[in-house]
Amino acid sequence: MSETLVIHDLAFEVRRSQRRATLGLTVDRFGELVIHAPAVAQIEELRNWVEKKLLWVHQKLLLKDSVGTKSKPLEVVSGETISYLGRNYRLKLVEKQAQPLMFDGDWFILRRRDQAAVAQHFQKWYEQAGAEWLAKRVIGWQRKTGKAPASIAVSALGFRWASCGRDRILRFNWQLFQLPVRLIDYVIVHELMHLKEHNHTPEFWRVLEAVMPDWQTRKSELAGLAANVNWR
Ligand SMILES: [Zn+2]
């Protein structure tokens, strides 16, 4: 699971390496901010160092936005990046394969003749893989929150990330599984809390905060990353 540092509404992915001796900062082609750090670097040290670089970061991000690379549409070509649970994988197109889309743990492999229906194939894949992962994840949060849904479902929900019905069924958008786990966790806890308090009352946010003290940071990160989600 990736480590994230949030400073003034900007989320930085921390990549640690045994071979690194100094700190580095990059903005990748999707506008993601990455801190390269020695394995042993303290989080406070990273925070202080990044604070001094914020002007540079904002300039870089402005540049990215102006050329429109931040939320570039997916290209169905070999080498394209596809995220699952916040981790990036590569897409590979092949001529022959038993199914239209497969995942081998490293690559998403798409049969070339199914290219036109790529969104459908990925939706199906995320729905299956996501539902399996989600079932276990929700159980963990059920224990921490004391709230249990009647059942959970994964499907297309348009621009909503999730919903909590009067029937106590929690429904999650399949597109959610492209995002980092900590943001999916926010959506899970948010919906579980709706089992207790159906509307967004002050009491709702209070009980949410008791379970997830940094919910506000996660909520704004989710809003910030929404533009980078494919097929949305
Ligand atoms: Zn809500």
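Predicted model: local features only at pLDDT ≥ 70, side-chain atom pairs only at ≥ 80, totals over all residues.

Mentor: Residues are numbered from 1 along each chain as its sequence is written.

Trainee: At what angle do helix 3 and helix 4 cross?
Mentor: The axes of helix 3 (residues 118–145) and helix 4 (residues 181–194) cross at roughly 50° and come within 10 Å. Axes here are lines fitted to C-alpha atoms, for helices over the stretch in contact, with angles from 0 to 180 degrees between N-to-C directions.

Trainee: And which residues make the contact?
Mentor: Helix 3 brings R137, V138, W141 and T145, and helix 4 brings I188, V189 and L192. Contact means C-beta atoms, placed from the backbone, within 7 Å.

Trainee: Switching topic: is F177 buried or exposed?
Mentor: F177 is buried, because 23 other C-beta atoms lie within 10 Å; the cut-off for buried is 20 or more. F177 sits in the loop between strand 11 (169–173) and helix 4.

Trainee: What does F177 touch?
Mentor: Leaving out residues up to four places away in sequence, F177 touches Y84, L85, Y126 and G130. Y84 is 93 residues from F177 in sequence, yet 5.7 Å away, C-alpha to C-alpha.

Trainee: What's the strand order in the open sheet of four strands?
Mentor: The order is 5-6-8-7, with mixed pairing; strands pair if DSSP finds at least two bridges between them.

Conventions
Helix = DSSP H or I, 4+ residues; strand = E, 2+ residues; numbered from the N terminus. Contact = placed C-beta atoms within 7 Å. Buried ≥ 20, exposed ≤ 12 C-beta atoms within 10 Å, placed from the backbone.
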